[in-house]
Amino acid sequence: MPKIYLLMLPLFILGGCLMGPNYKKPAMDLPAESNNQTDINPFIKPDWWTMFQDPVLNSLVAEALENNKDLQIALANVEQAQAQFKITKADVMPAANLNLQTTYGTVTPGGAVLSAPVHTYIAEPTISWELDIWGKQRRLNESAKAQYFATTAAKDLTRLALTANVVNAYFLLLTLDAQLNIAKTTVDADNETVRVYRNRYKAGFASELDLRRIEADLESVKASAKDLERQVSEAQSALAVLTGRTPREIVEAKIPRGKKLNEIILIPNIPEGIPSNVLQKRPDVLEAEEQLISANAQIGTAKASYFPNISLTAGAGYASESLSNLFDTGIWSLAGGIVQPLFEGGKIKAQNKKAQAAYKGALASYEKTVENAFKDVYDSLNANRITREVYAAVLRQTQDMQRSYDITKDQYNAGLIDTINLLDVKRNLLQAQMSLASARYSELAAVVSLSKALGGGWEGTANNK
């Protein structure tokens, strides 16, 4: 073995040293594990929204994933983080440079005198390498890798939020469609009622008071219908923005519809109790943990600053009359430099304190994120159960109100009750029908919320697989 390599061998052995603590996953007081993995499978598929079996919804989500600007920003951030990781990783490797010079004359670089002037080319490659004895560069590489994974998780968090927003916006649009249809149907029926009453009033069989009350009730429903038209328009433009459509398309294009609100598939309710390992894969939890891994690595980077840096450079000089024999001969030299920090006004100590504080903050953020994850699932499970109970109750109420209206109308036609009683029952029926549509939306939104709370099928990063 050449002498220089024997001298460097102890340095390579020391290169295995790493300053700072190795990362350990924080222990947390988590709920007992559940075995109902099969029951939650529809909620944790990467394309979880397909459970609703609406092709138009599927196409809208695909459009959003392709064109949404927030997601494109998140993807660009991932590319930047990946590039930074590669840059940091490359800093661990030796760097090679080539210095080129050219001269014209009768004297060569070696001192020989020529009879006629010639061009002389000089190329001097140099290699520099800072030995990572204390693991500073490796800790920096570990931190950059974690930042890359954290950015990737943040991108998937954006993706999850986007898909949930698109699905909720679509269901809201279907709900407003249903309510607008109810209002328009009521307006059509009330127009006929007003026409009949005007004829009866002209014939002297109805009072002006009854006519004006019926006309006022018609105008009230018309106003509600107009307001619902406004809400439909706003819901369409919001969905157009989510799907990344152009300004012209936002103004001009209409959002297609697939199934009607009451036709959307609603899978059976799931039992309470979620496997904890599912929540550990939520993108926000993974992002927080990767930030914690990065902060932990930065502690090692800061600690390594107390120790000397050892840099090696190797150079070789070549001279020739043409570039064709540039590397025929060469002379190599090896030099080493050691830089030992002596006094920096407390800078290194402050950097270590800063790294320790950053880790504490990242740890608290990770623990808070995990806590919120369990809270989200707990709340979503309750909402998933309760909204179905509410819908069932409102459905029974609407059916009862419809029967009550039918009976009241028969009594009115028989002259047993007055107009006020009929109008009161009709308003209650209209409100019940509107509430039923809203209750259906709440059911569907609870399913979306549960899918989002469970992480939407995110598989995790390399650090956590």
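A polar contact is taken here as a pair of N or O atoms within 3.5 Å, of which, within protein, one must be able to donate a hydrogen and the other to accept it. In the predicted model, such a pair is formed at Thr-369, where a polar atom of the side chain lies 2.7 Å from the backbone oxygen of Ser-365. Thr-369 belongs to helix H10, and its relative accessible area is 15%; because buried residues are those under 20%, Thr-369 is classed as buried. Beyond its neighbours within four places in sequence, Thr-369 is in contact with Asp-284, Val-285 and Ala-288.

The largest nonpolar core comprises 81 residues, among which Trp-48, Phe-52, Val-167, Phe-171, Leu-239 and Leu-454 touch the most other members. At least two residues of this core are supplied by each of helices H3 (55-67), H5 (136-202), H6 (208-242), H8 (276-279), H9 (283-304), H10 (347-413) and H11 (419-453). Helix H5 provides the largest share, 17 residues. The surroundings of Val-167 illustrate the packing: when residues up to four places away in sequence are not counted, Val-167 touches Trp-48, Trp-49, Phe-52, Leu-57, Val-61 and Val-448.

Helix H11 was examined for its length and its ends. The end C-alpha atoms of H11 are 50 Å apart, which agrees with the 51 Å that its 35 residues should span at 1.5 Å a residue. At the start of H11, a side-chain oxygen of Asp-418 comes to within 3.4 Å of the backbone nitrogen of Ile-420. After the helix comes Gly-455, with a positive phi near 100°.

Within H11 is placed Gln-433, a residue with a relative accessible area of 22% and therefore partly exposed. Its contacts, leaving aside neighbours within four places in sequence, include Ile-182, Thr-398 and Gln-402. Gln-433 and Ala-183 are 250 residues apart in sequence, yet their C-alpha atoms are 9.5 Å apart in space.

How values were computed
Residues numbered from 1 in each chain as written. Predicted model: local features only at pLDDT ≥ 70, side-chain atom pairs only at ≥ 80, totals over all residues. Heavy atoms only, no water. Core = buried A, V, L, I, M, F, W, Y, C linked by side-chain atoms within 4.5 Å. Buried < 20%, exposed > 50% of the residue type's maximum accessible area, 1.4 Å probe, protein only. Helix = DSSP H or I, 4+ residues; strand = E, 2+ residues; numbered from the N terminus. Contact = heavy atoms within 4.5 Å. Expected span 1.5 Å × (residues − 1).
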